[in-house]
Amino acid sequence: MDLVDAKRREVLKTGGVLALAAASGIIKPGDALAQEWNKAAFETKSVAETIKALGGSGSTLSSAIEITAPDIAENGAVVPIAVESKLPKTQAIAILIEKNPSTLSAEFEIPAGTDPFVSTRVKMGETSNIYALVIADGKYFHAVKEIKVTIGGCGG
Amino acid sequence: MRIHRVLAGVLTAMLPCFAPAQQDTLKEIERYRQLLQDGNPAELYEARGEELWKRGRGPKNASLERCDLGLGPGVVKGAYVRLPRYFADTDRVQDLESRLVTCMVTLQGFTTEEAKRNPFSGTGVPMLTTDPFSGVGQRSVMTDLVAWIASESRGMKIAPSMSHPKERLAYQAGENLFYYRAGPYDFGCVTCHGEEGKRIRLQNLPKMTNAKDAQRAFGTWPAYRVSEGELRSMQWRMWECVRQMRFPELEFASDASIALITYLAKKAEGGALDAPAIKR
Amino acid sequence: MQPKMILALALCGIWVAGCATRPSDSEAERALAEMIKASFKTRGQATIDRLNQDEVQALCSEYKGEPPEGVRQKIEKSQQATLRYPVSGKMMGDWREGQRIAQSGAGRQFTDDPARPAGGSCYNCHQLAPQELSFGTIGPSLYRFGKLRGSSEAIQKYAYGKIYNSEAFSACSNMPRLGHNGVLTEEQITHLVALLLDPESPVNK
Amino acid sequence: MVDPMRIRANMTGDKVEVKVLMSHEMETGLRKDAQGKIIPAHFIRNVTVTHGGKTVLSAQWGTSVSRNPFLHFRFKGGKPGDKVTISWADNNGEKRTDEATIAGG
């Protein structure tokens, strides 16, 4: 746990330094961006691996996280998904798609003052569970929902 | 997303047994469609289209701002819902896309072949990367222009002109093509669009001879198709239906394509344009 | 290419008298012939001659899918004569194969690989196995098809024949003549018959 | 090829509601073209949203965010007339920064 916390602090520190540099006009936001991308996390192939790569050792199912998404997606190329966390001190929200070739789809850092809510659209290769992983006060929580992906059209 | 579609099919087929809760399925699909309405990437195409209309292009480095879409040179507002129509300068009935070809030739100095190249943006569907598509993710000037010009008729009533004999001829030809069955599957447009309340898989099929259906169908093209991640025009809609009918390729901006669009526009008369839309 | 037939059709609406008499050659007819000729082109396996209609296609187009009784009987009779059943007499194949064929809507489009077998496109229009939620409704639901009818030889023959040439049973049906038009092989059709009739098929569960 | 974003920033109550559409292929790197060649991955990896010099959202994305991405979120502390700045950077080093003015509720 210590190790994880240390890692987490390091991540936060790096983010902080970059944000500071951007704010002071030393570098433009676009320059700062390209430098921080958690390659290891985006290469994970399971929910457990992703949580680990994001600095957690596990996560607790929480009813304080709400996933808004259709039960059935007419097309897997665009699946609308919104995640809202009611957990105090929500720091980050990640969207994980269990059966995609890479589990982690997106991770959002939520600074104080920003609602613990994000809405976006993801690709799903097939019917799968999606996980909304929330880091709140340094702890890991999740909600899960199955989304079915249907086949469409003729000639396909 | 062909790979995804195939996967999805296999997976759906292997889903554990549960009661065929068809009502719930349709309800959820409807919910899916509603959730998509919030942000329509067609806006990205519209913005490019407006810029392309005003930008000097072609051998003459001219913009399209003098292009006559039927309401006079340069009038874009409301032009789309009045098409197709007869144009005296070409002595032809033209839809938006064939008219844009004319303007690119006469105003900008492109050859007809150049103006017709890449009429649809790259689909990203690997099987379809060859002509007339322009490759994965490739832009189409035509598609961008169509997106913007259609958006300038949003909310207006569909009112194609039917006063010229050639317009009536195009309508008749379109109607008879609509009922024309041929090819190895015995398909015609009417196979899928002749009855009310039918579906292919989960896709609702408009009955084109029913005004309400036709208005909704015609009035929501062009549209951003999420299955392809592209904006699609009415010419593309015709081209793609005809492909799935197992017919030979319908040529872009051809008279038969315009005849079909004329027929459909007339059937949709009085409906409001709600395009560019977002669809599966 | 046989633009005559398209033409005759395209012109029907213009003749106030309707389609009872064949329209005579005219300027308009020639103009329309040109239109068709210039509007389609061969691409890959989808050659231009696909626009040529056989008798059934021509009649169904002419009557907009609703032929009068006499024409209906004529079509069904002529199409009954085309029915070819497996020489082996075996009409039931493997329902698992049938399920795969029923799922696939590929085949005969110019974007399809002509070397690969076509699918049956069944789910595009019919409900079959209840697990598949994504099914069309242009055709009737075939869920429990075999459970309701059994799998006697007569039923097998009917199912095989209907898939082989739907027009033999229902003139101007929306269903492709999958066997007659050479879309599906004899063996593929036997698999689809099994999907419909085999008691073990998910269709009958 | 790098198009402007479409940004909407509106006050709803005391919060700024931001909706943005980005023009991007978001190619997965798993698909093949007509010749059977892999289409290389091409996707936005980082998104940063700032308001008044402060980051109000930052995101890291993988290849499974949909093509022409859509993002919607809310933050406190903005008022009509303020600017919201959004930047993205993709795996090929392409970048885009756009700005929108917050509209009243």
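**Pairing of strands across chains in a predicted model**

In this predicted model, B:Glu249 lies opposite C:Lys41, a residue of strand S1 of chain C. The two residues belong to a pairing between chains: strand S7 of chain B is joined to S1(C), residues 40–41, by two bridges, and the two strands run antiparallel.

The contact between chains B and C draws on 44 residues from chain B and 50 residues from chain C. On the side of chain B that touches chain C, the elements giving two or more residues are the helices H1 (2–14), H7 (165–178), H8 (189–193), H10 (234–244) and H11 (255–267), along with the strands S3 (198–200) and S7 (249–250). The greatest contribution to this side comes from H7(B), which supplies five residues. In terms of residue class, the side of chain B that touches chain C comprises 21 nonpolar, 12 polar and 11 charged residues.

Strands of a sheet pair through backbone hydrogen bonds, in either a parallel or an antiparallel arrangement. Here, an open sheet is formed by six strands in the order S2(A)-S4(A)-S7(A)-S5(D)-S2(D)-S1(D), with antiparallel pairing. From one strand to the next, the twist averages 15°.

The secondary structure of chain D consists of seven strands and zero helices, giving the pattern β-β-β-β-β-β-β along the sequence. The C-alpha trace of chain D extends over about 55 × 20 × 20 Å along its principal axes. Chain D has 105 residues, of which 49% count as buried. Among the contacts in chain D that link residues at least 6 apart in sequence, 55% are between residues at least 24 apart.

How values were computed
Residues are numbered from 1 along each chain as its sequence is written. Chains are lettered from A and ligands numbered from 1 in the order in which they are written. This is a predicted model: local features need pLDDT of at least 70, side-chain atom pairs count only at pLDDT 80 or more; totals for chains, interfaces and linings use all residues. Two residues are in contact if their C-beta atoms, placed from the backbone, lie within 7 Å. Helices (H or I, at least four residues) and strands (E, at least two) are DSSP runs, numbered from the N terminus. Ala, Val, Leu, Ile, Met, Phe, Trp, Tyr, Cys and Pro count as nonpolar, Asp, Glu, Lys and Arg as charged, and the others, Gly among them, as polar. Two strands pair if DSSP finds at least two bridges between them. A residue is buried if 20 or more other C-beta atoms lie within 10 Å of its own, exposed if 12 or fewer, and partly exposed in between; C-beta atoms are placed from the backbone. Axes are lines fitted to C-alpha atoms, for helices over the stretch in contact, and angles run from 0 to 180 degrees between N-to-C directions.
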